[in-house]
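Hi there,

Here is the structure I promised to pass on. Have a look through it first, and my notes follow below.

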Amino acid sequence: MAATRRSRPLLWLRRWSRQPAGTPLSRAFADLIPRVSQENDILDFLGKRPHRKHPGVLHLSQVQLPQALVTAAQQLVQESSIPNIEKQVQTLTNYLWSRKLPTEPEELRKKAIQLENKLQDTGSLQSEKQLRGAVLNALRKTIYHWQKLSYDERLSLVYMAARLDGGFAAVSRAFHEIRARVPDFKPQTLMDFGSGTGSVTWAAYDTWGQSLHEYLCVDSSTSMLALAERLLKGGLDSGKPHIPGVFFRQFLPVSPKIQFDVVVSAFSLSELPSTADRTEVIQTLWRKTGQFLVLVENGTKTGHHILMDARDLVLRGPEKSPIDHRPGHVFAPCPHELPCPKLAASPPQACSFSQAYSTIPFGWNHSHKEEKFSLVILSRDLQGEDHRWARLTQPVLKRTRHVHCHLCCPDGHLQHVVVTARQHGRHLYRCARASTWGDCLPLTTSPEFPPSPVQDPSDD
């Protein structure tokens, strides 16, 4: 059997070698890879737009932070007396990126029982006290030690220097998709859970500043809330805030009847200590969602796993004390409401995206960076058919007369598709060449071809 598996690449090579002379390699790939059918190979989906601005283009070229925010952040860092702040910023950034979920109590209990039985079988430990000590020592070595971060004044300022610009870029990308696909949506109220330094408020004002008149920032840390308020006031303790209508609270509104047009949780669900806590928060946030619930986390396996649990909870879980009976739907990035194919892969993969942004010009910063993040946007209303277009889940590889596209398709499968003008039409081919990671393409999988993942050629 192993020999048969090893021979398959050779059979593919022989098949390519039997292609008529002059047949492009892209046509060989198009024959091997499950084909996709075009939504419309006419100009219906383009309208009068050029190919580089087709409706599936949803990325932002480069996010620029508002100058008022940049100036306030620089002033706060200059006034601080934190020693070696550059080193502390790097340490916190690495810690947040590598952070994993805490071990659940039930899982911890099972591991302890397994270790206890294993040690008892060896018979090397005489007393119960020795056995308990050996079990605890083994657990410390094998279990991830999760700690809740306590954001005092110093750590809040370090977090601002480390994450303010990247968080603003990720949330701006999420808001841009809503505005691009639903241009008539004009939210009036917004709630930000785990608001931190207030980057969500600044991004929302940058996107819908003309219509928004109420921003509710909820964070358990009083130091974070005070820092966010100072940023709004240009780095000062008093004065007129740059954005009107911003309110700060330590706790979520008690009344279940209060809803907000947009509810956001950015990089906050990963700060909760257990699955039960995340479940309760997600259910609360969904009850308070009038139109869109935007969830953003780090672009890691952990971040993606948290978001998929939240997505499944809203779509399939029983809603606790529902006031708004409208069902939830996935708005982005998934083109379906089936189980995530990236989680089903072996090994599981992170579904993440990237957004370029200009950094705050601190002395240790490069001028430009990329923010890698995962997101899910849930909606109370079912949107138009364009949200069922396939989503590009990796950077597009552009080659001579063909384009490699990795897609999450409406049928719930991942596909590696080689788009050519001959196979898919000139318009779709040009749209694919103009697209990038995170954009959508008007392609659907053809039912007569079963899904079959194919590895990208690294040197074609």
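A word on accessibility to begin with: buried means under 20% relative accessible area, exposed means over 50%, and partly exposed is in between, using a 1.4 Å probe and protein chains only. Please keep in mind that this is a predicted model, where local features need pLDDT of at least 70, side-chain atom pairs count only at pLDDT 80 or more, and totals for chains, interfaces and linings use all residues. Residues are numbered from 1 along each chain as its sequence is written, and side-chain values use heavy atoms, with hydrogens and water left out.

Now to the backbone. Most residues other than glycine have a negative phi, and most peptide bonds are trans. Arg401 has a positive phi, near 65°, and is not a glycine. Arg401 sits in the loop between β11 (397-399) and β12 (402-408); helices (H or I, at least four residues) and strands (E, at least two) are DSSP runs, numbered from the N terminus. Because its relative accessibility is 54%, Arg401 counts as exposed. Asn84, also not a glycine, has a positive phi of about 50°. Its loop runs between α3 and α4 (85-98), and Asn84 is exposed at 60% relative accessible area.

There are cis peptide bonds to note, too. One joins Ala332 and Pro333, with omega about -5°, and Pro333 is in the loop between β7 (329-332) and α12 (341-344). Another joins Ser346 and Pro347, with omega about 0°; Pro347 belongs to the loop between α12 and β8 (353-358).

Next, His51. This residue lies in the loop between β1 (36-38) and α3 (67-79) and is buried, with a relative accessible area of 13%. The side chains of His51 and His427 make a polar contact of 3.1 Å (a pair of N or O atoms within 3.5 Å; within protein, one must be able to donate a hydrogen and the other to accept it, and residues adjacent in sequence count only if both atoms are side-chain atoms).

Finally, a helix pair. Helix α7 (residues 153-181) and helix α9 (residues 222-232) pack at about 55°, with axes 9 Å apart. The axes are lines fitted to C-alpha atoms, for helices over the stretch in contact, and angles run from 0 to 180 degrees between N-to-C directions. The two helices, α7 and α9, are therefore oblique to each other: angles under 35 degrees count as roughly parallel, over 145 as roughly antiparallel, 65 to 115 as roughly perpendicular and the rest as oblique.

Happy browsing!
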